Protein chains: 2
Amino acid sequence: MHIHIQNDPGNIEISATDWEAANIAGHQVTFGTSAADFNAQAATVEILIAPPWKLKNLDLSTAPRLKILQTPVAGVDGLAPFDRIPENVLIFNNRGVHAAKAGEFSLMAILLLVNLMPVFITNQRAGIWERIPSGLAARKRLTIIGLGALGGAAAAQARRLGMTITGLRHSGTPHPDCDFSLPPSALDEVLPTTDILLLACPLTPETENLITAARLAALPRGAGIINIGRGRLIDQEALLDALESGHLGGAVLDVFAKEPIPAGDRAWGVQNLIITPHISADDPATYNALTLEIFKENLKAYLAGNRAPGQVDRQKAY
Amino acid sequence: MHIHIQNDPGNIEISATDWEAANIAGHQVTFGTSAADFNAQAATVEILIAPPWKLKNLDLSTAPRLKILQTPVAGVDGLAPFDRIPENVLIFNNRGVHAAKAGEFSLMAILLLVNLMPVFITNQRAGIWERIPSGLAARKRLTIIGLGALGGAAAAQARRLGMTITGLRHSGTPHPDCDFSLPPSALDEVLPTTDILLLACPLTPETENLITAARLAALPRGAGIINIGRGRLIDQEALLDALESGHLGGAVLDVFAKEPIPAGDRAWGVQNLIITPHISADDPATYNALTLEIFKENLKAYLAGNRAPGQVDRQKAY
């Protein structure tokens, strides 16, 4: 098949060397960065590998043989509602690429909250030395929203700390690293017994603004929040309010309503908040190799007439 | 035997309830906080449980039957050179009490350095959003100085991340959670291949100022430092210089040359430094119970004529 890779130089860039190392034999591959590069290949391209934001200036109707769009990212909220992609084109993402790194980041974020580090880091800024003891992670109750690659990796890491873990996912079926697996509808029931709430679900119409001011208020005083999903899963201003009021003990946020966080935004100065610049899940040393490995699995399934493991459900939007 | 527990209210305080829960039967126990409380018991006391800093105003020569001093802390550098304690008195510490908490703190600190969090936290203070990717812990080389309870727990946690671990300890004998176990004399040899240096050894005349400016310079550029031992293991000013110059990528320090860090000290503002107020190893929920459990083991060994697991070697000073 003719596979065209549309790169975003300096950001997501799969090279000919990456391609060769992936050992995906028997296909023609072309590379490009501009719309003109794509147009030159459009007549024959069957599989397009491109990040969602690079599709904005491409006219996919000029590619009549296109069968598969493979995104080299896991979150496809940037593509929804998918009307720019012809209906007969299958959309595959690279879910799983972020798992190892997101698992380690989640482990760190959980330990940051258990050890009251948001408070110590706020105190450090003000030159305040105040010893506040804390216990072990094992006595804490973790609730994870979303048990895909990210949430599953977080659960596996937290498991090793002996935490009590509740996972919410659509199916509600048991997960090997969760003590309890429940459907999303159980959210309001589990919030009052949650010490740490970790968001690892995709952003969809259903999950947008999932964590409202009322739900933050339902968490016990001193609870902590981790967000490695998408900023708009949470009412960000309500979250900042709950940190300032002291209702929440701390938060570790890797994603925000607006990224980069604008200069002068109140988020920069809010107490007991640790900000990371959307880096929780990307391991540059393995990213391209893993993406192509996942693409290979998707392609193999497709050629065998099976559903690809990375196939995106346009209704669910992930 | 007559056991007297000298408490430091609000800090280290073993209650009658703690004592009963420990189920150490067959002994007479008394409690006190002031020198007068101790003096009232001195004539008959055989075992004294007291933190090092509470001994300064006690005259142990008034306790002719004293056989054992049990410290409810692990670090006895505050007692050295031990000349305030009669030679025939055995000194036991509660080594091991800190292991679980120190292991989790070390795991967190390692992940903080791997994820470049000292830089992100410094950037947050300045309102700077800069995405700097980082890899997995598994590709990092960790060197631990001291493989006692703290260092051993750190090694066990780091092991689970798949790190390459070198441990330095007096014996140099293999450790189950280290890839390499070497004697302290190997330090200068291992520094150039160390990504993260974790100090978990006691403060003794031998280890004071162990990490000099020259040794910091021997670490590769971008290396990180974790100190959960004692502040004076490191030339603190040289460490702060190495952070400011950018030679070190970051540091997570729980202990300092002077504690609390004085107001206005340059440490508060140094870039890429995460400060915690000496909280890395204390779990208040289990501290007293674990201390008494360790005391029970020490006492059992003593009564059986064996060397107690917590016996302090006055020469080694730990």
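The legends below describe close-up views of a predicted model.

**View 1. The side of chain B that touches chain A.** In this predicted model, 38 residues of chain B are in contact with 38 residues of chain A. The elements of chain B that give two or more residues to this side are α3 (99–114), α4 (117–125) and β12 (273–275), and the largest share, 8 residues, comes from α3(B). Sorted by class, the side of chain B that touches chain A holds 23 nonpolar, 7 polar and 8 charged residues.

**View 2. The axis that relates chain A and chain B.**

**View 3. The largest nonpolar core.** This core has 186 residues, of which A:Ile110, A:Leu199, B:Ile110 and B:Leu199 touch the most other members. The helix that gives the most to this core is α3 (residues 99–114) of chain A, with 12 residues.

**View 4. The surroundings of B:Leu199.** When its neighbours within four places in sequence are left aside, B:Leu199 is in contact with B:Ile145 and B:Gly146, with B:Ile226, B:Asn227, B:Ile228 and B:Gly229, and also with B:Leu233 and B:Ile234. B:Leu199 is also one of the residues that touch the most other members of the largest nonpolar core.

Definitions and conventions: Residues numbered from 1 in each chain as written. Chains lettered and ligands numbered in written order. Predicted model: local features only at pLDDT ≥ 70, side-chain atom pairs only at ≥ 80, totals over all residues. Contact = placed C-beta atoms within 7 Å. Helix = DSSP H or I, 4+ residues; strand = E, 2+ residues; numbered from the N terminus. Nonpolar A, V, L, I, M, F, W, Y, C, P; charged D, E, K, R; others polar. Core = buried A, V, L, I, M, F, W, Y, C linked by C-beta atoms within 7 Å. Buried ≥ 20, exposed ≤ 12 C-beta atoms within 10 Å, placed from the backbone.
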